[in-house]
Amino acid sequence: MAVDGYCGGVPKEGAFVGVSPMAVKKWLQIAGLPNGNHADSGIREDSPLYCRVAAAILPDGSRIRISGHGRAAAWANGSAEYIPLCVWVDWYHIPSIDSAADLASQLGRGHI
């Protein structure tokens, strides 16, 4: 699935693009939010959400991690007991980096 597509109309803030698989090695290369939310580190390894994360695409095409910061840190430093081969990424269009924290907060309430 191409992450550049979206569900019709003009992309707007928080517009859902779609879901795509990504190798954890590539996920770790995407920049995280400054002061990224590590609340997700409480997601258990046996949870169906453990391999589900969210990222955003900015107007210039750059990408930023919106969720999964705690898991990414544990996977990167090897402290996680289980490190998956891939994650499922929910992609969103956002108009600016300033709106990324708000989207992260909204998604955090949904535990992604």
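Predicted model: local features only at pLDDT ≥ 70, side-chain atom pairs only at ≥ 80, totals over all residues.
Let's start with the charged side chains. Searching the whole structure turns up 2 salt bridges. One of them joins the side chains of Arg44 and Asp46, with N and O 2.9 Å apart. If you look for this pair in the model, you will find Arg44 exposed and Asp46 exposed as well.

Now turn to Arg52, which forms a salt bridge with Asp90; here the closest N and O atoms are 2.7 Å apart. This pair ties together distant parts of the chain, since Arg52 belongs to strand S3 (residues 52–57) and Asp90 to strand S5 (residues 86–93), 38 residues apart. How exposed or buried are the two partners? Arg52 has a relative accessible area of 30%, so it counts as partly exposed. Asp90 counts as buried because its relative accessibility is 4%, and the cut-off for buried is under 20%.

Next, the nonpolar side chains. In soluble globular proteins, such side chains tend to be buried together. In this model, the largest nonpolar core has 17 residues, and those touching the most other members are Met22, Trp27, Trp75, Val87, Val89 and Trp91. Which elements each supply at least two residues of this core? They are strand S1 (15–23), helix H1 (24–27), S3, helix H2 (69–77) and S5.

Finally, another core lies apart from the largest one. This second set has 12 residues, including Leu33, Ala54, Ile64 and Ile94.

Key:
Residues numbered from 1 in each chain as written. Heavy atoms only, no water. Salt bridge = Lys/Arg side-chain N within 4 Å of Asp/Glu carboxyl O. Buried < 20%, exposed > 50% of the residue type's maximum accessible area, 1.4 Å probe, protein only. Helix = DSSP H or I, 4+ residues; strand = E, 2+ residues; numbered from the N terminus. Core = buried A, V, L, I, M, F, W, Y, C linked by side-chain atoms within 4.5 Å.
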